[in-house]
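I opened my notebook today to look at how one protein chain is put together. Here is what I looked up, step by step.

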Amino acid sequence: MRKLFTFLFVVCTFTTTTFAQRVCATMEHLAMQQQQDPTLQQRMQAIEQHTHHTTNQMRQGSNTRVAGVITIPVVVHILYNTSNPQENISDAQIQSQIDVLNEDFRKLNADVSGVPDFFAPLAADIEIEFVMATVDPDGNPTNGITRKGSSRSSWGTSDAMKRSSQGGVDPWDASRYLNMWVCNIGGGILGYAQFPGGSLATDGVVMSPQFFGSSDKGTGFYLSAPFDKGRTTTHEVGHWLNLRHIWGDANCGNDFVADTPTQQTSNGGCPSFPNATCGNTSDMFMNYMDYVDDACMFMFSEGQKVRMRATFEAGGGREGFAEGGGSDPDPDPDPQPGPNYCASQGNNASYEWIETVSVGDFSNTTGGNEGMLT
């Protein structure tokens, strides 16, 4: 019995210290929102119908309103515990996260080479890029970062960090900026996101500071392995753009994407290919929407690309970002018409005339090339 107990203790200790489980609270947060707002499910169903229609159009090669690379301005709200200054992460750590997003969403990440040959043809350039906002909602210059100290040690998933009335920071116009709150969520939760269709008053993504940024892009960052490569934010932004977990949050569930194999449940750690479940050849466990370690997720699929880009079409929930967002606001939203200049006639630069002069209700012509004005 003592030998058996010792063996079990060693196994449990080994498992605990070598396998950390990713925890994303997006679906739990969605359930809470649906309970608080009975109309949310109806709005999300309308967006889902729109997505289904739009993705069918895209697959058939139909023209869409949004083409080419979409640029999304980002504002990062840092909420740190004043007793734990590490949570007040550096500008460099924040920038490292933006760099990771741009690599992952443009298929420029070096580790995309780790995608197995079986799935390589499906790895997609999403054609979405992220920039720190340069202008705030009032038109003032900004670096896209806000910082606020707090005595609060954890924030949970009830959106308190998104409300100044509860000690957090109100979002910037969520139809034009992707709001990111970086704060200690607590409970072992790495991050969570809001799907399209939710209230703009709480729209955005939330990550704990030790999972925001990449240890590959600098030193001295406040990060915790094995989730220290910036993929938690890639995962949460995927949700923000209407992607579900790749296993559909059910036993052999549905993530609404045709080219991601049905899989039994989430994967963790770093599985070996193939890893077959639900009768597939292998789970696409290296997909950003699974639960594997940061160093072992490398790709979005072509089907996920179509689904994400459908959100930018009219009625998709993110259409405001296809119109420039907060990175290039219109300094004069209602400009007055400029002057109408006179038309010059003739083919000799030394002898031209003004054909017509109009001022208010007065209009007169020169009657040809008499060389005079009236």
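Before anything else, I wrote down what a nonpolar core is: a set of buried Ala, Val, Leu, Ile, Met, Phe, Trp, Tyr and Cys residues joined through side-chain atoms within 4.5 Å. I also noted that buried means under 20% relative accessible area. And I reminded myself that this is a predicted model.

**Entry: the core**

I looked up the largest nonpolar core and found 49 residues in it. Which of them touch the most other members? I found Ile72, Val76, Phe105, Phe130, Leu178, Met180 and Val237. Next I checked which elements supply at least two residues each, and my list reads β1 (70-81), α4 (91-105), β2 (128-132), β4 (178-182), β6 (205-207) and α5 (231-240). The top giver is β1, with five residues. I also came across another core lying apart from this one; it has 12 residues, including Ala25, Trp181, Ile189 and Tyr192.

**Entry: Phe105**

**Entry: strand β1**

I wanted to know how covered β1 is, and I counted 10 of its 12 residues as buried. Then I went through its partners.

- With β2, I found five bridges, and the two strands run parallel. Here Ile72 has Phe130 as its bridge partner.
- With β4, I again found five bridges and a parallel run. His77 stands opposite Trp181 in this strand, and Trp181 is the residue I had listed in the 12-residue core.
- With β3 (residues 145-150), I found six bridges, also parallel. Asn81 is paired with Ser150 there.

I also followed the chain from β1 over α4 to β2, and these three make a right-handed β-α-β unit.

**Entry: helix α5**

Is α5 mostly covered or mostly open? I found it mostly covered, with 10 of its 10 residues buried. Reading through them, I noted Arg231, Thr232, Thr233, Thr234, His235, Glu236, Val237, Gly238, His239 and Trp240.

How values were computed. Residues are numbered from 1 along each chain as its sequence is written. This is a predicted model: local features need pLDDT of at least 70, side-chain atom pairs count only at pLDDT 80 or more; totals for chains, interfaces and linings use all residues. Side-chain values use heavy atoms; hydrogens and water are left out. Buried means under 20% relative accessible area, exposed over 50%, partly exposed in between (1.4 Å probe, protein chains only). Helices (H or I, at least four residues) and strands (E, at least two) are DSSP runs, numbered from the N terminus. Two strands pair if DSSP finds at least two bridges between them. A crossover is right-handed if, with the strands pointing away from the viewer, the path from the first strand over the helix to the second runs clockwise.
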